[in-house]
Each structure stands twice: as structure tokens, then as C-alpha cells.
There are 2 protein chains.
Amino acid sequence: MTSQPSTRGRVLAAYQDLLISDGPSAATLDAVAAAAGVSKGGLLYHFKSKEALVEGLLAQLREYAEADFAAMAQAPQGCAAYYVRTSVFGNTPFDRAIVAAHRLIQGDDDSVRQVFAGLHARWYELILTDLKDAATAHAVMLLGDGLYYNAALFGFPTGVHFGKETQDGVTVDALLEIVEKLRPQARS
Amino acid sequence: MTSQPSTRGRVLAAYQDLLISDGPSAATLDAVAAAAGVSKGGLLYHFKSKEALVEGLLAQLREYAEADFAAMAQAPQGCAAYYVRTSVFGNTPFDRAIVAAHRLIQGDDDSVRQVFAGLHARWYELILTDLKDAATAHAVMLLGDGLYYNAALFGFPTGVHFGKETQDGVTVDALLEIVEKLRPQARS
DNA sequence: GTCTATAGTACGATAGAC
DNA sequence: GTCTATCGTACTATAGAC
């Protein structure tokens, strides 16, 4: 029952949205409070400091991540294809949490880096289970990373990038075909 | 003759180093001036504003980029392999300029984004010439992007990451083998 | 639980001496 | 060309009324 629009939830959502659309420097306490419809004092009642706001964001990210790991482990297309496919920004809650947190990596806060390092380790583990070969697994992860970083850094001008095309008319399906080529063939 | 340690050059180098090691928020005018061994007033004589500092960084980046495009077009191993290989952080002047500028993308400055968009377009063009197929070219670029972004965002704890290994014992050579697998075979 | 008012600090930039 | 001193602003966070 955490999904009701409590003030705390509205503040967190506003912080996330500001990070995604305008970057960390624009996500000041004033701006977040205004976007959430409360005063700065009201915001600081729920989150005692800016660091607490970040922690709130990361806690939410970790929640979504656990659910994603479970889905990935059971994905019928295999973990590798699942990873690449979901590396395209899809505007899901998980995607939004990732991109928002990504924008904080440059900052001084080392805890954000650590969270992403942990996510990466889990993903790699799953892909390796799927593909067996370390180099291939690494290559597939890098491909997905490239997709995600491009989205996170260069973003979605105005809601574009949501479709299937990633660039120059190249579709995700075309990328997935390439990933399948890399899958070690069972000798028959 | 731009390589002599002029004050202007030292300031620019100090700004670059601070961006790479401590991020944008640490690269204040005070910090840059101190690192370069001048006062803030002295710094501002050479660069009238912080924006001018960024422009100086980008000008340098563009210079290095032009030289890299030329080398890439003539690379014996082909453009695709060249791109992936040089996407590993190698501590070259070009690498350092790229990583430093990358840290500014999150900021408000749109000019940094545009420079990287331009670089990407040129690289893609060269790789496509090499590989002929758009989807494959895109995949190779994403692989290189992933390498570079991981380096730029998570960095080099203390000079590590300079060797051939990128992660979990996976070498760049192993990644290059995978790229070669993707190269469309000449029908014989 | 939410507000206003304000303290304290850090940053970018200017002015003017040397 | 480089320095010191200073102004203006924007931000985080606290204190206390309601």
C-alpha cells in the first residue's frame, strides 16, 4: 500500500522527474518542493537532508531491481536477449528509477556508484549463466550498457526513443538477431 | 608550439584532471585555480567565465578527434576493430579529453551534448563504411560505447583499468574476436 | 504535518592595486 | 599577467509558529 499519493511519495516522484528531465543541478530542494506542491520545510520533514532524498531514490531502485532479476532469470528468450531488450528505455518505473539515479553518479555520492556496481554484477551473473562464455556475456552486457547510457545521457528529446527504433532505423529486433548469432551453438 | 606549460595550458589541464578524478561539482574555479597554481583572478584573465573553460576543453577535444578520425579511416584492422580497441580507456590525451567532457554532459550546457553527438555521427559513418550493415555497425558502436561509458562513469579506481583486461578477466582481444565474428563474410 | 523566516555557506564573477 | 578583496546569488539546512 505504498502506491497512494502520499506527500512523501509525491516528493520522491518529483525528485525523480526533475533529475530525468533537467539533471541534478536543477533538482534543488526548492525545485523539488515546488514540483511536489509542498514547501521546502514540508519536504524536509519527510527527508531530513538531500542525502536522504537520494537514499529514498536508491531504495526504490533496489526494489524494482529485485523484481527485474526474478523476471530475467525466467525469461523464455533467455537472459541475454532479455537484457538487451530491456536496455532500451521503455518508460517503466524501473527504467525511470535507473535513469534518475544514473544522473547522480557524477556527484560526490559514492553510494550511487555502489548500487550500480551491484546491479551490474547481478546482471552479468545471469547472462553468463545463459551464454556460458565470459567474453560473449561481457560483449552482450556492453551492448546493453551502450543502449542504456545513450538513453540516459542524451535522452529523450520529447518522448521519442520510446519506439522500437534506436538509431538510423536500426530496430531492437535487429540487435537481438546479432545477439543470437553470438550464442554458442549446441553441437549437433 | 602549444605544448609549452603556459598558464592557460596549465589551467586547462588542471580543469580536465579535476573533472576526471573528482567530478564536475569538485571542479570549481577555486579548485581549478589552486590546482593550476594561480589565483582565481589569474584564472579568469585567461578564461572569462566557467563557460569559457568548458569551451576551451571542447576545442581541445575537437582537435584530438580530427586526428583520430584520420587514423581510424586508415586503420589496417578496419574501423570497427579500431573503434572497439580505442574505446578502452588508454590514458591518451584524447581519452582524457573525452572522459573529462563526458562528465559535463549532465550539466545544463547543451554544447557538450552536441559535440558528442557530432563525434558519434562521424564514428558511425566510418564503421558503417567498414561493415556495410547498419545493424552490425550499430551493435559494434554500442559495444564500444558501453566500454567507454563504464570507464567514464565508474572510472579507474587508482590507475587500474589501464591494462588489457576490462572485466572478469575478459581481454579486449576476446572482444575483438567477437566483433570479427559479426563482420559479414565475403562470399567465396 | 506543513508552513515562514532566516542562518550559514559556497560559488561565480567583478574591481582595482601591483 | 597576476594578485587580493569583495559583491551578489543560490543553495542546504535549522528554528519555531501554526
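## Cavities, interfaces and salt bridges

About 100 Å³ of space lies in the second largest cavity, while the largest cavity has a volume of about 160 Å³. Both belong to a predicted model, in which three cavities reach 30 Å³ or more.

- Sorted by class, the lining of the second largest cavity has six nonpolar, four polar and one charged residues.

**The largest cavity**

- The lining of the largest cavity is made up of 15 residues, and those that lie nearest its centre are A:Tyr83, A:Ser87, A:Ile98, A:Trp123 and A:Tyr148.
- The elements that each give two or more residues to the lining of the largest cavity are α5 (79-86), α6 (93-102), α7 (110-131) and α8 (134-154), which belong to chain A.
- By class, seven residues in the lining of the largest cavity are nonpolar, five are polar and three are charged.

**The two domains of chain A**

- The domain assignment divides chain A into domain 1, covering 1-48, and domain 2, covering 57-182, and the C-alpha centres of these two domains lie 26 Å apart.
- Nine residues from domain 1 of chain A and nine residues from domain 2 of chain A take part in the contact.
- The area buried between domain 1 and domain 2 of chain A comes to about 870 Å², with carbon and sulfur atoms giving 63% of that area.
- On the side of domain 1 of chain A, the residues that lose the most area to domain 2 are A:Gln16, A:Leu19 and A:Ile20, which together account for 61% of what that side buries.
- One salt bridge is found across the interface of domain 1 and domain 2 of chain A.

**The contact between chain A and chain B**

- In the contact between the two chains, 34 residues of chain A meet 34 residues of chain B.
- The area buried between chain A and chain B is about 3300 Å², and carbon and sulfur atoms give 63% of it.
- Of the area that chain A buries against chain B, 21% is supplied by A:Gln106, A:Leu153 and A:Phe154, which is more than any other three residues supply.
- Across the interface of chain A and chain B, the number of salt bridges found is zero.

**Salt bridges**

- Side chains of opposite charge can pair when their charged atoms come close.
- Over all chains, the structure holds 12 salt bridges.
- One of the salt bridges joins A:Arg122 to A:Glu66, with their closest N and O atoms 3.4 Å apart.
- Because A:Arg122 lies in helix α7 of chain A and A:Glu66 lies in helix α4 (residues 50-73) of chain A, this pair ties together parts that are 56 residues apart in sequence.
- A salt bridge is also formed by the side chains of A:Arg96 and A:Asp17, at 2.9 Å from N to O.

Conventions:
Residues numbered from 1 in each chain as written. Chains lettered and ligands numbered in written order. Predicted model: local features only at pLDDT ≥ 70, side-chain atom pairs only at ≥ 80, totals over all residues. Heavy atoms only, no water. 1 Å grid on protein atoms, 1.4 Å probe; cavity = no way out; pocket = protein on both sides within 12 Å on 5 of 7 lines; lining within 4 Å. Points joined across faces, edges and corners; volume = space filled by probe spheres on them. Helix = DSSP H or I, 4+ residues; strand = E, 2+ residues; numbered from the N terminus. Nonpolar A, V, L, I, M, F, W, Y, C, P; charged D, E, K, R; others polar. Domains from an automatic or database assignment. Contact = heavy atoms within 4.5 Å. Buried area = accessible area lost by both parts, 1.4 Å probe. Salt bridge = Lys/Arg side-chain N within 4 Å of Asp/Glu carboxyl O.
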